[in-house]
Amino acid sequence: MLGMPVVAAMILSALAAPVDSPASSVPTEKITLDIKTINGSGCPAGTAAASADVAPDNTSFTVRFKNFTAKAGGGASALDARKNCQINVLVHVPQGFTYAIAQAHYRGFAHIESGASAIEQANYYFTGTAPTARVRHTFTGPFHGVWRATDTTEVAELVYAPCGESRNLNINAELRADAGSSSGSSYIEMDSEHASVDTIYQFAWKTC
């Protein structure tokens with residue numbers, strides 16, 4: 001049976017400009033996103049492999065992937081076993097505010113044979129800063145259904161975009177499948193073709 005993934009703290013090493021106290025509320029002006037690039041073995045450039053939308057209350061944004069799948073066993077090649085997707089997105093922030101990523105909620109679909117395993121991992125960073133450490137979630141078979149994983153950043157470790165600067169947010173997601181001792185086919189995916197399968201990034205807002 002699949003063990004529930006442990007909520008892990010993201011280790012963020014990037015430097016950010018000073019910010020004031022946490023905002024008492026989120027900005028009321030509508031936040032917009034501008035996806036600059038999408039690329040990777042799990043989302044080839046030019047394939048419309050991902051899309052993103054901001055929540056109406058400006059508390060988060062949702063990324064929906066298409067055909068982002070890692071497979072192992074059953075004739076799958078070594079290249080099928082590891083897939084990654086990097087999204088470079090500019091968040092248009094109202095004047096006087098800045099943001100960090102406080103939580104990331106991942107959800108997908110998987111079929112994992114007994115003796116096989118799969119991994120979801122991701123990291124985040126602003127352009128011009130050092131990449132963060134990857135947070136890994138491992139799933140073991142037998143399992144068939146929706147999987148979930150959450151990355152959470154402690155308040156003291158939040159890294160905010162520099163105040164008054166336009167810095168793109170880079171999101172690197174990776175899926176891996178390992179057939180292990182199984183003889184069948186296993187896969188793990190983040191694919192919007194399945195209902196209720198999406199990735200939600202939760203904002204933490206501060207005033208500058």
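**Stop 1: the aromatic cluster**

Begin by selecting F61, F97, Y99, Y106, Y124, F126, Y201, F203 and W205, and display their side chains. Ring pairs link these residues into a cluster. The model is a predicted one, and its count of aromatic pairs comes to eleven.

How far apart are the two ring centres, and what is the angle between the planes? The distance is 5.1 Å centre to centre and the angle is 20°, and the pair is stacked. F61 belongs to strand β4 (residues 60-65) and Y201 to strand β13 (residues 199-207), so this pair ties together parts that are 140 residues apart in sequence.

Are these two residues buried or exposed? F61 has a relative accessibility of 1% and therefore counts as buried. Y201 counts as buried as well, because its relative accessibility is 0%.

Y124 is in strand β8 (residues 117-126) and Y201 is in strand β13, so the pair ties together parts that are 77 residues apart in sequence. Both Y124 and Y201 are buried.

**Stop 2: the nonpolar cores**

Next, select F61, Y99, Y106, W147 and Y201. The largest nonpolar core has 42 residues, and these five touch the most other members. Strand β7 gives the largest share of this core, namely six residues. A second, separate core consists of five residues, among them A100, L158, Y160 and A204.

Select Y99 and show its surroundings. Which residues does Y99 contact, once its neighbours within four places in sequence are left aside? The partners are V91, V93, F126, V159, Y160, A161, R167, L169, F203, A204 and W205.

**Stop 3: the whole chain**

Return to a cartoon view of the complete protein. How many helices and how many strands does the protein have? There are zero helices and 13 strands. Read from the N terminus on, the elements run β-β-β-β-β-β-β-β-β-β-β-β-β. The protein has 208 residues, and 47% of them count as buried. Among contacts in the protein with a separation of 6 or more, 82% are between residues 24 or more positions apart.

**Stop 4: the largest pocket**

Select V93, F97, G164, E165 and S166. The largest pocket is lined by 18 residues, and these five lie nearest its centre. The elements that give two or more residues to this lining are β6 (82-92) and β7 (97-112). About 240 Å³ of space lies in the pocket. Which classes of residue make up the lining? Ten residues are nonpolar, six are polar and two are charged.

**Stop 5**

Select T62, which is found in strand β4. T62 has a relative accessible area of 13%; the cut-off for buried is under 20%, and T62 is therefore buried. With its neighbours within four places in sequence left aside, T62 is in contact with S51, A52, D53, D198, T199 and I200.

**Stop 6: backbone exceptions**

The last selections concern the backbone. Most residues other than glycine have a negative phi, and most peptide bonds are trans.

Select G141 and P142. A cis peptide bond joins these residues, with omega at about 5°. P142 lies in the loop between β9 (135-140) and β10 (143-152).

Move to N58, in the loop between β3 (50-54) and β4. N58 is not a glycine, yet its phi is positive, at about 65°. N58 counts as buried, because its relative accessibility is 3%.

Finish at N67, in the loop between β4 and β5 (68-72). N67 is not a glycine either, and its phi is positive, at about 60°. Is N67 buried or exposed? Its relative accessibility is 52%, so N67 counts as exposed.

Conventions: Residues are numbered from 1 along each chain as its sequence is written. This is a predicted model: local features need pLDDT of at least 70, side-chain atom pairs count only at pLDDT 80 or more; totals for chains, interfaces and linings use all residues. Side-chain values use heavy atoms; hydrogens and water are left out. On a 1 Å grid over the protein atoms alone, a cavity is a set of points where a 1.4 Å probe fits but cannot get out, and a pocket is an open set with protein on both sides within 12 Å along at least five of seven lines; lining residues have an atom within 4 Å of a point. Grid points are joined across faces, edges and corners, and a volume is the space filled by probe spheres set on the points. Helices (H or I, at least four residues) and strands (E, at least two) are DSSP runs, numbered from the N terminus. Ala, Val, Leu, Ile, Met, Phe, Trp, Tyr, Cys and Pro count as nonpolar, Asp, Glu, Lys and Arg as charged, and the others, Gly among them, as polar. Rings of Phe, Tyr and Trp (its six-membered ring) pair if their centres lie within 6.5 Å; planes under 30 degrees apart count as stacked, over 60 as edge-to-face and the rest as tilted. Buried means under 20% relative accessible area, exposed over 50%, partly exposed in between (1.4 Å probe, protein chains only). A nonpolar core is a set of buried Ala, Val, Leu, Ile, Met, Phe, Trp, Tyr and Cys residues joined through side-chain atoms within 4.5 Å. Contact means heavy atoms within 4.5 Å.
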